Amino acid sequence: MFGAGAMTNSIPEIRDTELMFVIGSNTTEAHPIIAMEMKRAARRGAKLIVADPRKIWLSEIADIHMQLKPGTDVALLNAMAHVIITEGLADEAFIAAHTAGFEAVREATRETTPEWAEAITTVPAQLIREAARAYATTKHAGIYYTLGITEHTHGTDNVYSLANLVLMTGHLGVRSAGMNPLRGQNNVQGANDAGASPVFYPGYQRVSDPAARAKFEAAWGAKLSPDEGMNLNVMMKAMAKGDIKAMYVMGEDIMLTEPNAARIEDGLNNIEFLVVQDIFLNETTRFADVVLPAACFAEKDGVFTNSDRRVQRVRKAVNPPGEAKADWEILCEVARAVGYPMPEYKDAGEVYAEMAALCDKFAGISHERIDQEGGLQWPCPDPEHPGTVYLHGDGPLNGTAEFQATRYRPSEELPDTDYPLLLSTGRTLYHYNAATQTRRSSGAKARQPENFIEMHRKDARMRGLRDGELVRVISRRGAIQARVNVSPRMRRGCVWMPLHFAEANTNYLTNDAGDPTTGTAEFKVCAVRVESLESVAAE
Amino acid sequence: MSDNDIKLEIDGREVEVPAGSTVLDAARKLDIEIPTLCMDDRVDPAGCCRMCLVEVEGQRRLHPSCAYPAAEGQKVATHNDRIDRHRKGLLSLYKADHELDQHGRPVSRGVHNRLADYLDTYGTGPALTPVDAPRVARSESLETNPYIQFDPESCVVCGLCVRYCDEVEAVSAISLVGRGSGTTIGTADQRSLLDTSCELCGGCIAVCPTGAMTEKPSVTRLPQLQPPKAPTSKVRTTCNFCGVGCQLDLHTEGDQVVRVTSPKPGTTLNDGNLCVKGRFSYEFIHHDERLTQPLVRGEDGQLHPTTWEVAIQRVADGLRQVEARHGTDALGFVSSSRCTGEENYLMQKLSRAAFGTNNCHQCAAT
């Protein structure tokens with residue numbers, strides 16, 4: 001592809017864009033402030049193309065809304081590629097100068113006509129044509145996507161298909177264009193940058209690369225493993241299988257946020273030792289042997305890196321409650337207690353300096369610089385470098401960018417007679433993930449106090465369900481209760497639930513089948529059925 | 001200077017601005033102070049508060065500089081007797097229509113009241129009898145939203161909140177309702193904000209020049225009624241919710257975060273905007289369920305408070321014992337995209353350097 005997973009362009013550029021292709025992102029709820037920039041651009045006259053199974057807020061102001069069936073993204077995107085290639089809208093000069101492997105994509109999309117895609121996605125062929133033409137013929141056209149693209153067993157193919165569109169139209173290295181994954185959490189980008197990954201050291205240096213390993217071995221004074229580690233999805237399954245015997249979990253409620261919660265529960269019961277480091281007791285601490293009280297973001301120093309690669313400061317405003325400590329201080333103490341000589345860092349700035357010295361991408365970034373200049377966007381290789389607003393301004397990073405041909409394959413678990421509804425999950429505006437923080441705020445409680453299931457009115461009527469009725473939602477992996485929310489946003493046959501509610505944990509339903517490359521689980525597609533609780537009670 | 005720049009003169013000083021600029025933009029470029037109430041760069045100018053009136057040579061009337069286009073060769077005055085007289089008259093009207101405190105100044109609800117500033121700076125004309133306009137707020141028993149409070153007596157009906165809600169947040173939850181001197185800010189049928197399209201972003205509070213729109217939590221701490229109990233300060237930080245990376249100012253009183261605001265528009269990537277989570281979801285910081293001491297599971301299967309020494313030793317022993325029994329790759333380290341970059345760095349360093357395993361990941365799936 002073309003380099004590290006990060007927005008190629010910047011958030012402030014959105015307001016000047018001419019076309020936005022938003023796919024698998026309910027931006028107004030998950031990234032409200034980015035959505036404000038999109039609204040501003042749309043108001044100014046930029047074209048907005050939305051591809052989403054639900055009639056999300058943005059779809060109402062969109063020029064084109066492709067309401068595809070969940071999990072059929074590759075078919076839709078390959079049909080768009082087909083239109084672009086067959087109608088001669090591809091940027092041949094860009095393809096020749098900066099890319100490799102285009103022929104494979106041409107071959108793979110030869111048969112993927114919009115009519116073929118219509119049969120799979122239910123999106124009218126004409127709409128696919130219009131979207132493809134508009135995207136290909138607009139210069140400042142950006143793609144914006146989120147977990148609706150990645151949280152599938154074919155998530156990697158989805159991303160490749162999008163990247164193919166970007167490359168064949170040359171929408172790279174241009175202002176207000178590019179390929180822009182909007183990061184879900186405050187510091188997803190920063191966690192990846194810092195090497196919290198089974199395959200990368202800090203700064204996206206591969207653990208399998210002997211030169212990188214030698215560098216880190218020298219810096220850390222320790223022998224490092226050349227073997228790639230397990231990703232989170234694999235680790236979760238390995239607990240139940242008995243391959244993982246101890247876990248150290250910092251700042252995540254894995255019981256609530258990972259798919260197939262029943263299997264996680266088995267795993268957590270199965271392991272011998274569990275440490276949880278967090279700010280509240282949560283579902284996972286029920287299984288913990290040790291719980292370490294941590295400081296929250298307002299009580300410590302450090303940096304978060306946002307979606308557009310911008311490293312910004314977190315600053316301590318108040319003291320942590322009681323004896324709670326900043327996570328970085330706790331980690332240092334644990335390391336020393338197991339006999340590793342972790343340096344006596346004076347503050348978080350020294351930790352950052354140690355990391356920056358080992359990573360070319362961040363070498364020019366320091367707490368001092370951010371304090372003076374504000375956030376800095378990597379790559380920023382030296383202290384004089386101003387940071388990088390958009391990537392690939394002078395051609396793709398690694399010389400040429402590779403096309404990756406993709407072929408549509410259905411999601412792992414599709415509806416059938418026993419489980420006739422297709423469930424997707426996601427986040428709402430008012431809550432945030434495990435909601436340990438937002439469920440403690442009055443506004444979120446007033447707006448969304450409990451779990452709900454959005455469904456089409458005909459699906460509800462067929463089952464004799466009323467709006468607001470309490471139902472049981474059942475998948476092959478578990479069952480939970482939720483209230484029916486009859487919603488004009490839904491497609492027939494599809495239902496949607498948020499993931500925020502511990503007492504009715506939607507992840508008892510979700511499928512933990514992972515993408516073969518990334519291990520990212522299929523949160524967006526699984527099969528369920530819905531039963532009325534009230535009629536059961538009446539029987 | 002590009003080809004389409006415009007050259008004009010303000011208060012006798014020459015200035016060049018790009019085509020499409022307003023007289024106010026040009027004045028700002030010269031650092032000439034012009035008062036405004038209804039103006040914000042994020043919305044189209046409305047020119048309705050009339051505070052920014054200027055005299056343009058050749059024009060009979062005074063014009064609002066926020067909405068008046070700059071033109072080649074224009075000559076503008078921002079301060080003279082005529083403008084002064086007009087402004088004083090306007091301020092008299094605003095004052096007569098505003099709730100005043102015991103010292104006869106506009107009330108301040110824990111936030112900066114720009115009207116009070118302007119009364120101090122520019123003074124008023126003749127004192128007018130207070131206007132008894134029949135303005136209504138949504139009834140308190142109906143308005144159950146926990147965050148946003150509207151006080152019609154402090155409102156100058158500049159409508160900036162309404163325009164922000166429409167043009168920036170694009171939800172159009174609030175609107176000007178009523179007519180004449182009874183015009184006020186309301187919702188459809190004066191419903192609770194919770195029953196409208198409102199997303200509780202609090203932008204109306206942030207743009208309000210007089211503090212008529214305020215945060216409910218801070219209203220309980222009106223400075224003139226209840227001075228801050230402890231020293232106050234402001235700390236710039238990054239929001240801990242989604243991946244946009246909005247900059248926040250945490251306002252503290254002693255060891256408590258009491259309010260969250262955005263830095264000024266145009267200074268950070270969020271351009272003065274925040275969402276409901278960033279602005280209001282800070283109650284968790286001081287929640288009484290926060291963990292305050294280390295806990296270890298005892299023989300009875302329950303978690304019990306303990307000291308840091310004991311807890312850290314237990315962690316070290318537990319991990320080392322599993323490593324000894326099952327090998328280092330039987331350990332898993334789950335880092336967090338909610339924690340800082342430094343903390344993620346240290347977690348993977350712990351896993352790799354102290355234990356020698358690459359089983360280190362976090363919940364990031366994008």
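Predicted model: local features only at pLDDT ≥ 70, side-chain atom pairs only at ≥ 80, totals over all residues.
Which residues in α4(A) meet which residues in α7(A)? Residues are numbered from 1 along each chain as its sequence is written, and chains are lettered from A and ligands numbered from 1 in the order in which they are written.

Let us start with the domains, whose bounds come from an automatic or database domain assignment. For chain A the assignment gives domain 1 (11-182), domain 2 (188-377) and domain 3 (421-538). The centres of domain 1 and domain 3 of chain A, taken over C-alpha atoms, are separated by 27 Å. Their contact takes 19 residues from domain 1 of chain A and 23 residues from domain 3 of chain A; two residues are in contact if their C-beta atoms, placed from the backbone, lie within 7 Å. On the domain 1 side, α1 (27-30), α9 (147-150) and α10 (155-169) of chain A each supply at least two residues. That side divides into 5 nonpolar, 10 polar and 4 charged residues. In these classes, Ala, Val, Leu, Ile, Met, Phe, Trp, Tyr, Cys and Pro count as nonpolar, Asp, Glu, Lys and Arg as charged, and the others, Gly among them, as polar.

Now back to the opening question. Helices (H or I, at least four residues) and strands (E, at least two) are DSSP runs, numbered from the N terminus. In chain A, the axes of helix α4 (residues 73-86) and helix α7 (residues 114-121) come within 9 Å and cross at roughly 165°. That makes α4(A) roughly antiparallel to α7(A). Here axes are lines fitted to C-alpha atoms, for helices over the stretch in contact, and angles run from 0 to 180 degrees between N-to-C directions. Angles under 35 degrees count as roughly parallel, over 145 as roughly antiparallel, 65 to 115 as roughly perpendicular and the rest as oblique. From α4(A), the residues Ala75(A), Leu76(A), Ala79(A) and Val83(A) meet Pro114(A), Trp116(A), Ala117(A), Ile120(A) and Thr121(A) of α7(A). By class, this contact of α4(A) with α7(A) has 8 nonpolar residues, 1 polar and no charged ones.

Further along chain A, an open sheet of 3 strands has the order β12-β13-β14, with antiparallel pairing. Its edge strands are β12 (302-305) and β14 (376-377) of chain A, each pairing on one side only. Two strands pair if DSSP finds at least two bridges between them. Between β12(A) and β13 (residues 310-314) of chain A there are 4 bridges, and Thr305(A) stands opposite Val311(A) in β13(A).

Two backbone details in chain A are also worth a look. The peptide bond from Trp378(A) to Pro379(A) is cis, with omega near 0°, and Pro379(A) sits in the loop between β14 and β15 (401-402) of chain A. Asn260(A) is not a glycine, yet has a positive phi of about 55°; its place is in the loop between α14 (254-257) and α15 (261-270) of chain A.

Turning to chain B, the assignment gives domain 1 (5-79), domain 2 (228-290) and domain 3 (295-361). The C-alpha centres of domain 1 and domain 3 of chain B lie 62 Å apart. Strands β1 (residues 5-10) and β2 (residues 13-18) of chain B pair in the antiparallel sense over 6 bridges, with Ile10(B) opposite Arg13(B). Their hairpin has 2 residues between the strands, and there Asp11(B) takes a positive phi near 45°.

Finally, how do the chains meet? Their contact takes 98 residues from chain B and 119 residues from chain A. On the chain B side, helix α9 (residues 341-354) gives the largest share, 13 residues. That side of chain B divides into 48 nonpolar, 34 polar and 16 charged residues.

Helix α16 (residues 327-337) of chain A packs with α9(B) at an angle of about 15°, their axes 9 Å apart, so α16(A) and α9(B) are roughly parallel. Among the residues of α16(A) that meet α9(B) are Trp328(A) and Leu331(A), and those of α9(B) include Leu346(B) and Met347(B). This contact divides into 9 nonpolar, no polar and 3 charged residues. Strands join the chains as well: β9 (residues 246-250) of chain A and β15 (residues 331-334) of chain B run parallel, joined by 4 bridges, and Val249(A) has Val334(B) as its bridge partner.
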